[in-house]
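Student: I have not looked at this model before. Could we go through what the labels on it rest on?

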Amino acid sequence: MASERTRDPAEVMRDEMVVKDKIASLLREGPKTIPEIADALRCPPREVTLWVMALRRYGALEELPKAKSEDYYRYRLAGE
């Protein structure tokens, strides 16, 4: 991973329109964490975090309550 190029956040956000449908498709299977989404998309978690936070901000996703404070938030499609 050390050789992995870190993309500029603006470049990552340009991909949002391409990956938002992929993220929605994954979440139709059930709630997932950012690491789970990243694994499924084969994308770095830092990029998935930007996409998930943008989708959450615009009301497309919502996080579920955590069982334990150290757990990751699980996200689902809004209204599901």
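Tutor: Start with rings: those of Phe, Tyr and Trp (its six-membered ring) pair if their centres lie within 6.5 Å. By this rule the count of aromatic pairs is zero. Keep in mind that this is a predicted model.

Student: What makes Lys66 count as lying over the face of Tyr73?

Tutor: A charge sits over a ring if NZ of Lys is within 6 Å of the ring centre and within 35 degrees of the ring normal. Lys66 is at 4.6 Å from the centre of the Tyr73 ring and lies over its face, so the term applies.

Student: Why is H3 called roughly perpendicular to H4?

Tutor: Helix H3 (residues 34–41) packs against helix H4 (residues 45–57) at an angle of about 115°, and their axes are 9 Å apart. The label covers angles of 65 to 115 degrees, so H3 is roughly perpendicular to H4. The crossing of H3 past H4 is right-handed.

Student: Which residues of H3 and H4 meet?

Tutor: From H3 come Ile34, Ile37, Ala38 and Leu41, and from H4 come Pro45, Val48, Thr49, Val52 and Met53. In this contact of H3 with H4, eight residues are nonpolar, one is polar and none is charged.

Student: What makes H2 roughly perpendicular to H4?

Tutor: The axes of helix H2 (residues 16–28) and H4 cross at roughly 80° and come within 10 Å. That angle falls in the range of 65 to 115 degrees, so H2 is roughly perpendicular to H4.

Student: How do you know that the contact of H2 with H4 has charged residues?

Tutor: Glu16, Val19, Lys20 and Ile23 of H2 meet Trp51, Ala54 and Leu55 of H4. Glu and Lys count as charged, so Glu16 and Lys20 belong to that class. The contact has two charged, five nonpolar and no polar residues.

Conventions
Residues numbered from 1 in each chain as written. Predicted model: local features only at pLDDT ≥ 70, side-chain atom pairs only at ≥ 80, totals over all residues. Heavy atoms only, no water. Phe/Tyr/Trp six-rings, centres within 6.5 Å; stacked < 30°, edge-to-face > 60°. Axes fitted to C-alpha atoms, helices over the stretch in contact; angles between N-to-C directions. Helix = DSSP H or I, 4+ residues; strand = E, 2+ residues; numbered from the N terminus. Parallel < 35°, antiparallel > 145°, perpendicular 65-115°, else oblique. Left-handed = near helix turned anticlockwise from the far one by under 90°. Contact = heavy atoms within 4.5 Å.
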